[in-house]
Amino acid sequence: MHVATRSVTGPATPLWLSEGFADLAAHRAAPRPLAAAAPALTAAVARDEVPRALPDDAAFAFDGDSGALDRAYEGGWLACRLLADRWGEERLRAFYRAAGTRGGQAAFREVLGTTRAEFTAAWRAYLREKLG
């Protein structure tokens, strides 16, 4: 997926989006129940430890905490799943392209008509709804 989308990504593309987009495609090929596909985030939600923010790029660097890395990948995937569920596949792809060329803030505003903060609040609620 990363190779196939290379022409629309760039330094402005956040890793949660590029990794989440790739994982969204992978999970479609082998669908499983959400709790099984996102065990680290499911456990965090059960402990009432819903992430406060979308994973930043540093969260995707392995620093010895495999649980944190798992939560980053699962969080990116579920953010992309929320985008597809709420705004549709076409707008998810448009958001992906816009984030790669104009950055995330512009993509949230121009493509989704929202802000990063509003999207993050929706993502946190989505995690509680789907994994709680």
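This is a predicted model: local features need pLDDT of at least 70, side-chain atom pairs count only at pLDDT 80 or more; totals for chains, interfaces and linings use all residues.

**Contacts and core**

Setting aside neighbours within four places in sequence, I found leucine 78 in contact with Leu34, Ala38, Leu41, Trp123, Tyr126, Leu127 and Leu131.

I then looked up the largest nonpolar core, which holds 36 residues, and noted that Trp16, Leu78, Leu83, Phe95 and Phe119 touch the most other members. The elements giving two or more residues to this core are H1, H2, H3, H4, H5, H6 and H7, and H4 gives the most, with nine residues. As background, I recall that nonpolar side chains tend to be buried together in soluble globular proteins.

**H4 against H5**

Next I took the pair formed by H4 and helix H5 (residues 89-102), whose axes come within 7 Å and cross at roughly 130 degrees; H4 is therefore oblique to H5. On the H4 side the contact is made by Cys80, Leu83, Ala84 and Trp87, and on the H5 side by Glu89, Arg91, Leu92 and Phe95. I sorted the residues of this contact into six nonpolar, no polar and two charged.

**Helix H7**

Last, I checked the length of helix H7 (residues 116-131): at 1.5 Å a residue, its 16 residues should span 22 Å, and its end C-alpha atoms are 22 Å apart, which agrees. I listed its buried residues as Phe119, Thr120, Ala122, Trp123, Arg124, Tyr126, Leu127 and Leu131. The buried residues of H7 pack against helix H1 (15-29), helix H2 (34-37), helix H3 (39-46), helix H4 (66-87) and helix H6 (104-112).

Technical notes: Residues are numbered from 1 along each chain as its sequence is written. Side-chain values use heavy atoms; hydrogens and water are left out. Helices (H or I, at least four residues) and strands (E, at least two) are DSSP runs, numbered from the N terminus. The expected span of a helix is 1.5 Å times one less than its number of residues. Buried means under 20% relative accessible area, exposed over 50%, partly exposed in between (1.4 Å probe, protein chains only). Contact means heavy atoms within 4.5 Å. Axes are lines fitted to C-alpha atoms, for helices over the stretch in contact, and angles run from 0 to 180 degrees between N-to-C directions. Angles under 35 degrees count as roughly parallel, over 145 as roughly antiparallel, 65 to 115 as roughly perpendicular and the rest as oblique. Ala, Val, Leu, Ile, Met, Phe, Trp, Tyr, Cys and Pro count as nonpolar, Asp, Glu, Lys and Arg as charged, and the others, Gly among them, as polar. A nonpolar core is a set of buried Ala, Val, Leu, Ile, Met, Phe, Trp, Tyr and Cys residues joined through side-chain atoms within 4.5 Å.
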